[in-house]
Amino acid sequence: MSTTSTATRLLVRALARERLPRPPVWLMRQAGRYLPEYRAVRQQAGGFLEMIRRPEYAAEVTLQPVRRFGVDAAILFSDILVPLEAMGMELVFNDQGPLLPKPLRSRAQIDGLRLPEPAESMPYVGEALRLVRRGLPEETALIGFCGAPFTLASYAIEGGTGKTFSHLRALMYHAERDFAALMDKLAVMVAAHLRYQADNGAEVLVLFDTWAGALGGEDYRRYAMPWSRRVLEHLPRGIPRVVFAGTSDHLLEDLATLPAECLALDHRTSLDAAFRRFGASHALQGNLDPAVLLAPPDEVQRRTRALLAVAAGQPGHVLNLGHGVIKDTDPACVAAFVAAAKETSP
Ligand code: CP3
């Protein structure tokens, strides 16, 4: 019968592990401070959270990398920490990154977290998604995302980006029931937020578990994975799910048991080996080292071609970086990365 436009979008087809003439390409943090047009909007808006909360700004910066580079997907401009704010936590961003000035340190604080409906607490997310879809070329996919419960717990408990995660580990190891109570709430919020994004036009959903790699296998399976599984099991059918876990080569066999169609690899994993480990069951996203984009464009192109050669002939490859674009990156290097994917023939 007739093919819907969604079915023809390259990213969605790659996630279904169809054989394609070339891999789709997009970049983690493709909207950001390395783009002069982003910095201009940020200045006009008055700050990062202000951009997120105003749908016309959020939509504009989401669309910028699509316009400039012709990437195959737009990822909503927002942040994994926004739902924590909706749950009642104070959230600020400064030049060093995110800060939660009143981190969770007691059971009473955990019990006090709210579980609001995303449509009521974050209506700007749905509105931004609808605006982006209207501004996107027909062939470009729209991605929604959330932080995984474990990574969100790390921010909520540490109060920012953790180093040793000592507070988090104190809760895990010494107050496991309180830790589980927090993770239960986060899983409910995250699943609701992802469903809300799917309801408003997101056709691929990414779960970012940035700090999962700080855990060894036993701890990951006990303190993080059950809640990621719960989230992924409660998403609308037919929407492809991508799981990213940072520095997680040692966890990939566990991650592959989660109900998700795609594993996003960071750059420490060999793509070649990953295709042998998971190529029969999963689409694989990645995984050029974002630092390589600090090299001259022709070197970026050479390295990207080499990575694509590794994936050649394998269905289900989505070209991306192993982590986010670094803010000192020259946009010409992002252009070279995207061009390398687009020159690939069957
Ligand atoms: O283009 C896109 O990728 C979409 C938007 C997006 C942002 N953050 C915008 C952002 C997405 C998908 C995220 C996810 C996110 N946020 C993650 C998971 C992915 C990952 O990086 O592992 C995490 C851990 C965060 C939390 C966060 N937000 C940190 C640690 C920081 C500071 C680091 C930095 O790069 O400054 C942010 C800020 C942030 N999020 C920026 C952007 C564009 C920079 C903010 C600015 O303009 O000042």
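Analyst: Two strands pair if DSSP finds at least two bridges between them. Valine 206 has such a bridge partner in E6: valine 242. The model is predicted.

Strand E5 covers residues 204-209, and strand E6 covers residues 241-245. They run parallel and share five bridges.

Now the whole sheet. Seven strands make it up, and the sheet is open. The order is E1-E4-E5-E6-E7-E8-E9, with parallel pairing. Strand E1 (73-75) and strand E9 (317-321) are the edges, each pairing on one side only. From one strand to the next, the twist averages 25°.

Next, a helix on the sheet. Helix H12 (residues 176-199) lies across E5 and strand E4 (141-147). Relative to E4, H12 runs at about 170°.

The whole structure holds nine aromatic pairs. In one of them, the ring centres of phenylalanine 179 and tyrosine 223 are 5.7 Å apart. Their planes stand at 80°, so the pair is edge-to-face; the cut-off for that label is over 60 degrees. Phenylalanine 179 sits in H12, while tyrosine 223 belongs to helix H13 (residues 217-223). The pair therefore ties together parts that are 44 residues apart in sequence.

Are these two residues buried or exposed? Phenylalanine 179 has 0% relative accessibility, so it counts as buried. Tyrosine 223, at 4%, also counts as buried. The cut-off is under 20%.

Ring pairs also build a cluster, linking Tyr38, Phe48, Phe77 and Phe93.

Methods
Residues numbered from 1 in each chain as written. Predicted model: local features only at pLDDT ≥ 70, side-chain atom pairs only at ≥ 80, totals over all residues. Heavy atoms only, no water. Helix = DSSP H or I, 4+ residues; strand = E, 2+ residues; numbered from the N terminus. Axes fitted to C-alpha atoms, helices over the stretch in contact; angles between N-to-C directions. Contact = heavy atoms within 4.5 Å. Phe/Tyr/Trp six-rings, centres within 6.5 Å; stacked < 30°, edge-to-face > 60°. Buried < 20%, exposed > 50% of the residue type's maximum accessible area, 1.4 Å probe, protein only.
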